[in-house]
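Hello,

Here is the structure I promised to pass on to you. Have a look at it first, and then read my notes below.

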Amino acid sequence: MTELEIERDVALAPLTSLELGGPAKYFVRVRDEATLIEALRWSADRETPFAILAGGSNLIVPDEGYQGLVVQMSIDSLDFHEGGTVTAGAGVAWEKVVDGAVARSWAGLECLAGIPGSAGATPIQNVGAYGAEVADSITRVRVIRRDTLELEELAPEDCGFGYRDSSFKREPGRFVVSAVDFALRPNGPGTVRYAELARKIGPDATLAEIRRAVLELRRNKSMLIEPDDPNRRSAGSFFLNPLVSTADADRLVEQALADELVSHSDEVPRYPAEGPGVKLAAGWLIEKAGVTKGSRRGAIGVSSKHALALVHHGGGTTAELLAFADEIQARVLDRFGVTLEREPRLLA
Ligand code: EPU
């Protein structure tokens, strides 16, 4: 039996990219599946809630902390198999997966360069950027079932992937991810679908060139965590891009024209959604609702590079962060009748 080393009152703020929030009552670091199962058993036996913490880059910790067991996911095996399959332990830094694939000229993940966080978190919200999402390459997710504490392997069709969504996110208590398999394309061409990326590179760009261009785009939006970036303490996009009906999107464009927010309908960013309806750009709505880049409420601000990221400038609280988020949601609702949904997970 694996010996669990449970710690008490461990500060969580330093383990998150927002650097906010209180301590975990109980805390344990797990480096393999057996220890993970023991940790889950420990919390089940005591009827103590538990939560997984990995990269901490998409997580909001309440000021009062967490009254249960926080399991720090550190399963960090990473295998590149012949033929283009990658098996990544849930705790592996995502950029190691992307960089390893690009270095081998395996196509499929190059547009997802520079995304902070861990490999195991990627299926939860179907991480995506610049025209790619992990659901395009995931072939298997290895999980531990919470009810039986047994290992199971899920096929992609069992994961219910959608835009920043999956069945893991919709049913948070059901499974804990321990490893993910990605099938990539050795020597395959890269994916250049996103207009902003296509403008930067030629149609024959190599995977390494695509990766570099994506990193540069992200850097210019402060969406890379770099120590000297004043916008570095954030959780990336704070809201999802809202999905609305085509009729509502048309109405919004009419209103934007009438209010002289734009001079041409093309200036309102809108994207085709996977299903019916239209995806709008939350960052655009926020700015046009009068919340400018760089605006501040005490220690919390909107990133000076991208209106969709909220930034902690140091010495703030989660309550202040959530209050500013509420204010932004209220302003967008009031201005455009659109409800923004929060993207990062609130640890509660
Ligand atoms: N825009 C503004 N003002 C802003 C920011 C953006 O008007 O301050 C406009 C842009 O001009 C553009 C549109 O909004 O017309 C879209 O902006 P951008 O290309 O920066 O992408 P996004 O829709 O804001 C999404 C993802 C990002 C991902 C990028 C690139 C979501 C919630 N966010 O952002 O993902 O990197 O596309 O693919 O889907 C994340 O999820 O944490 C994340 C950073």
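**What I found**

An open sheet of three strands has the order S18-S19-S20, and its pairing is antiparallel. Strands here are DSSP runs of E with at least two residues, helices are runs of H or I with at least four, and both are numbered from the N terminus. Two strands count as paired if DSSP finds at least two bridges between them. Strand S18 (296-297) and strand S20 (310-312) stand at the edges with a single partner strand each, so one side of each has no neighbour in the sheet. Strand S19 (residues 300-302) is joined to S20 by three bridges, and Val302 has Leu310 in S20 as its bridge partner. Helix H8 (residues 318-336) packs on this sheet and touches S18, S19 and S20. The direction of H8 makes about 35 degrees with that of S19. Contact means heavy atoms within 4.5 Å; axes are lines fitted to C-alpha atoms (for helices, over the stretch in contact), with angles from 0 to 180 degrees between N-to-C directions.

Before you go further, please note that this is a predicted model, where local features need pLDDT of at least 70, side-chain atom pairs count only at pLDDT 80 or more, and totals for chains, interfaces and linings use all residues. Residues are numbered from 1 along each chain as its sequence is written, and side-chain values use heavy atoms, leaving out hydrogens and water.

Another open sheet has four strands in the order S1-S2-S5-S3, with mixed pairing. Strand S1 (7-11) and strand S3 (50-53) are at its edges, each with a single partner strand, so one side of each is left without a neighbour in the sheet. S1 pairs with strand S2 (residues 23-30) in the antiparallel sense over four bridges, and Glu7 stands opposite Phe27 in S2. Helix H1 (residues 33-45) packs on the sheet, touching S2, S3 and S5. The direction of H1 makes about 175 degrees with that of S5.

Now for the domains. The assignment gives domain 1 (7-73), domain 2 (78-220) and domain 3 (234-346); such bounds come from an automatic or database domain assignment. The centres of domain 1 and domain 3, taken over C-alpha atoms, are separated by 30 Å. In contact with each other are 14 residues of domain 1 and 17 residues of domain 3.

Enjoy exploring the model!

Best wishes
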